[in-house]
Amino acid sequence: MVSKKKKIKKKPLSFQDTILTLQKYWSKQGCILLQPYDLEVGAGTFHPATTLRSLGDQPWKTAYVQPSRRPTDGRYGDNPNRLQHYYQFQVLIKPSPSNIKKLYLNSIAVIGIDHNENDIRFVEDDWESPTLGAAGLGWEVWCNGMEITQFTYFQQMAGMECKPISVEITYGLERLCMFIQNKKNVFDLIWNNDGVSYKDVFHQSEKEFSAYNFEHANTDNLYKIFNMIEEEAKSLIEKKISLPAYDQCLKASHIFNILDARGVISVAQRAEYISKIRDLTKAIGKIWLESQK
Amino acid sequence: MSEFFLELFSEEIPSKLQSNARKNLYENLKKFFEEHEILIKGKLNVFSTPNRLVVYVDKITKQISRKPKEIRGPSIQSPAQALDGFLRSNDIKKTQVYEKKTEKGEFYYYRKPSQKISTANLLSKNLPNILSKITWNKSMKWGNHNLFWGRPLKSILCIFDGKKLDFNFNHLKSSNITFIDKELEEKTKIFNSFKSYNSYFKSLGIFIDQEKRKSFISNEIIKLSKSKKIKINLKNNLLDEITNIVEKPKILFCDFDKKYLTIPKEILIITMQSHQKYFPTFDNKDNLTNNFIVIADKKDSKGLIKLGNERVIEARLNDAEFFWNKNRSQNLVKQVSNLKNVNYFKGLGTYFDKVQRIRKLCGIISDEMLISKEKIEIASSICKVDLMSDMVGEFPELQGIMGGYFAEAQGFDKEIGLAVSEHYLPIGMDSLVPKKPYSVALSLSDKLDSLVGFFGINLKPSSSKDPYALRRMAISLVRLIVENNNTLKLRDLINYSCMLYKDQSFEFDTKLIQKDLSEFILERLKNYLREKNVRNDIIESSTNIFNIDDILKIFKKSLALNRNIKKDFGKDVISIYKRSSKILYNEKENLSEIIGSADPGLFKNDFEKNLYKRIHEIRKYFSNISKFENYDESLKKLSLAKNEIDAFFDNVIVNDIDPVIKKNRLELLKMLCKSFENYFNFSKIEG
């Protein structure tokens, strides 16, 4: 173990090796390795493998990467720390095991962060997602003052109390790698060991999507699409088809995020849209749970 | 005497929950010890680290002796269940009770014999209950367990008199073992006394006692500030918070690039203090420096911790600089119309609507306060624009302050910038109050507009709930007026404000608002007087004869009365009024006919004449008084009637047989009382 650590320090992990290492680690802990959900979402939490699977009493362990879209965070690729599209590595375990802190600290040790040399802190952060009707208690994990992980015990999901409680660990992969690779700019991250950088892979996309999100998205159409999707979701809920209904919910949520980035949503409207999505999620949570019986 | 030692080991408990849990545990245990007559020598200590909540009592009674005691049970006439209940609750048989007659009837009695109870038994029986009574502001469940705790509770160590004390608490069982590595929770160790526990952790550099940890941190910081010739503010909540989030503090002296010092200092301070929990530092002229202090929870053996923290602040300040440069160049005036897209509150329009109302209110106030109407109107127009900036989006607590900076950067008049910057102040009872007239006018108009609006749509605070912080807003309003010697007539302003809402087609019941809001503001004024330690009887009487147009007057008179009431002349004022009003108001029959105008032609003696003369002098004084009344002086003036009233009561019988004479004397007293009542309602003041 000690000799391995030394090797890592000589050459920090590339972005893709970080993902591979984390996947291998959590797979060893019994997690089912899933692939990203194939819809635009704001965070790994929105993947049905987290939202829906955290409901009910069936044990569940999973780990996956989830590309996450935050239209308002786009900076045309000019800002060293902000992206409208980034990667989260998500772990969800139900019920939360009592040695989860150890599992977590070992997981960052295998990618090169040794808690004996770095100041790892668990800083209060109570999490809430109004669109998911979800809430949890936990921390953001700081490594030498930088937030590298969200660590949350779900208390409520889709408006329902969780029992048993799931624990969710969300690594911000870019931040984590910036720390491991000692980079000040996210675009300088080393993607693989053959000289490909994060910039090569994503710079154009950041530029173009920022322009789309902030300038070009056709808001009139988006409003219409939102309404169509909402309608679809409602009809699927009536028919008690939970997973396709949940897909509609994710789509609506993303449309809302783009409208928000375009700056056309007032404070009052905002609350209204959020409550629309939340109502859908709650209804879907219920029918999904019923379908599990 | 024995030692009692308890440790609750958990995952990291947030700072505020920790402080609260300590307080709770202390109070619950203290109450428990008192109730059960358990004596302790020395202190009841409650310590905490992020992971450990510890109770330690050095010397505690090992055994409690209870004297025999006769306990009364139910009446012998009551149904059988009552007796059964009594037997059960005392854990006794029917043969152990006897009947006894008392004045109230015949009852069952039980003589409880003297008892020796072991503290250990009592503790193990009651600790689960004591622990479950800790009230967490936010608590959680984890795994499959049903226990609610601040964060997952992992183990309980409990020692009494050197031995482990057994009890069960939900899914956990107490033992004499705890985790010694908070990170991985792999290593455990047995402890049989607090001393060995404390010295073990001390050897690792861990302070269990938060007070010792706190003084260690502050001493280290003071040492550092002396050697580096910098100033650090330790008198804020940050030190307490940091104390609660580390167990073995290490002080790191760090810096950031000097170029960021051109960003407004509030942004730098919030970034360091609130977001990163760093101590900002200042030079001897109180200017912010590029040095800051990190309290790490680990020795920085490889320098990684310092480096990492410096990189984090660099990234954050880089972002802040980007927004600052972007926002400060965005023309404030041109952005005002964008406020139409920002809702203020449902039923009260957008921020654009609000700003229009504030601007007009300010216009009226500017006439009263003799300030430039043009300037105050500019200030009100731009005061909410910063709400749309990225800067305030990132740092909501800097609303107003950022607007002030933007105004300054764009060359607005200094007074305008300051007014924008300060217009949210004061925030409640403790914060600074703006003193510059433009700031006062803007702050006052903004608050009055909000109060009228929320009362208008009937979202008044209830006795327990005040979600829109209207109480705080009204207190701020009172402070703005009182602490600036302001004499604005609030009733007119409220009417005008209602009209402004009406112009925007928000229709309110003006009369109702006037009534409810007056009461509400006067209640806040009373609270404010309470803060100033004014006597309760004075406070309760203070608003009886005045309304919200007289806030300053009410405040000053109450304070004047409060500070003089124990002096001789103060006592005289009260006694003069009490004596006169008692006679006068006991006269129930003709009271309504007594209007306070005595006829000097009916006077029978000099005592009446002298009193009449004195009343005239007092009246003359009050009618010549300017708006700069000296309230102490006025009280003294009233007290001068002492001689005349004493002589009057000693020598004159009010209740004359001639009803005309009697009425004239009552008229005289009424004149006197009226002069007093015009100053203050003395009727409920205790002498």
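How are helix 16 of chain B and helix 18 of chain B oriented to each other, roughly parallel or roughly perpendicular? The model is predicted, and local features need pLDDT of at least 70, side-chain atom pairs count only at pLDDT 80 or more, and totals for chains, interfaces and linings use all residues. Residues are numbered from 1 along each chain as its sequence is written, and chains are lettered from A and ligands numbered from 1 in the order in which they are written.

Helix 16 (residues 470-482) of chain B packs with helix 18 of chain B at an angle of about 70°, and the axes are 9 Å apart. Helices (H or I, at least four residues) and strands (E, at least two) are DSSP runs, numbered from the N terminus. Axes are lines fitted to C-alpha atoms, for helices over the stretch in contact, and angles run from 0 to 180 degrees between N-to-C directions. Angles under 35 degrees count as roughly parallel, over 145 as roughly antiparallel, 65 to 115 as roughly perpendicular and the rest as oblique. Helix 16 and helix 18 of chain B are therefore roughly perpendicular to each other. On the side of helix 16 of chain B, the residues that meet helix 18 of chain B are B:R471, B:A474, B:I475, B:L477, B:V478 and B:R479. Their counterparts in helix 18 of chain B are B:F520, B:I521, B:R524, B:L525, B:N527 and B:Y528. Two residues are in contact if their C-beta atoms, placed from the backbone, lie within 7 Å. This contact of helix 16 with helix 18 of chain B comprises eight nonpolar, one polar and three charged residues. In these classes Ala, Val, Leu, Ile, Met, Phe, Trp, Tyr, Cys and Pro count as nonpolar, Asp, Glu, Lys and Arg as charged, and the others, Gly among them, as polar.

Helix 17 (residues 490-503) of chain B also packs with helix 18 (residues 510-531) of chain B, at an angle of about 140° and with axes 10 Å apart. Helix 17 of chain B is therefore oblique to helix 18 of chain B. The crossing of helix 17 and helix 18 of chain B is right-handed (left-handed if the near helix is turned anticlockwise from the far one by less than a right angle, right-handed if clockwise). Helix 17 of chain B contributes B:R491, B:I494, B:N495 and B:C498 to the contact, and helix 18 of chain B contributes B:T510, B:I513, B:Q514 and B:L517. By class, four of these residues are nonpolar, three polar and one charged.

Helix 15 (residues 437-456) of chain B packs with helix 18 of chain B at an angle of about 115°, their axes being 10 Å apart. Helix 15 of chain B likewise passes helix 18 of chain B in a right-handed crossing. Here B:L451, B:V452, B:F455 and B:G456 of helix 15 meet B:I513, B:D516 and B:L517 of helix 18 of chain B. The contact of helix 15 with helix 18 of chain B has five nonpolar, one polar and one charged residues. In the loop between helix 14 (414-422) and helix 15 of chain B lies B:P426, and the peptide bond from B:L425 to B:P426 is cis, with omega near -10°.

Chain B also contains an open sheet of five strands in the order 2-3-1-9-10, with antiparallel pairing (two strands pair if DSSP finds at least two bridges between them). Strand 2 (40-48) and strand 10 (163-164) of chain B are the edge strands, each pairing on one side only. Strand 1 (residues 2-10) and strand 3 (residues 52-60) of chain B are joined in the antiparallel sense over seven bridges; B:V55 in strand 3 of chain B is the bridge partner of B:L6. Helix 1 (residues 15-35) of chain B packs on this sheet and touches strand 2 and strand 3 of chain B.

A further open sheet of chain B has three strands in the order 15-17-16, again with antiparallel pairing. Strand 15 and strand 17 (residues 288-296) of chain B pair over six bridges. In the loop between strand 16 and strand 17 of chain B is B:D286, which has a positive phi of about 65° although it is not a glycine.

Between the chains, 32 residues of chain A are in contact with 36 residues of chain B. The side of chain A that touches chain B has 13 nonpolar, 11 polar and eight charged residues. The predictor gives the complex an ipTM of 0.93 and a pTM of 0.81.
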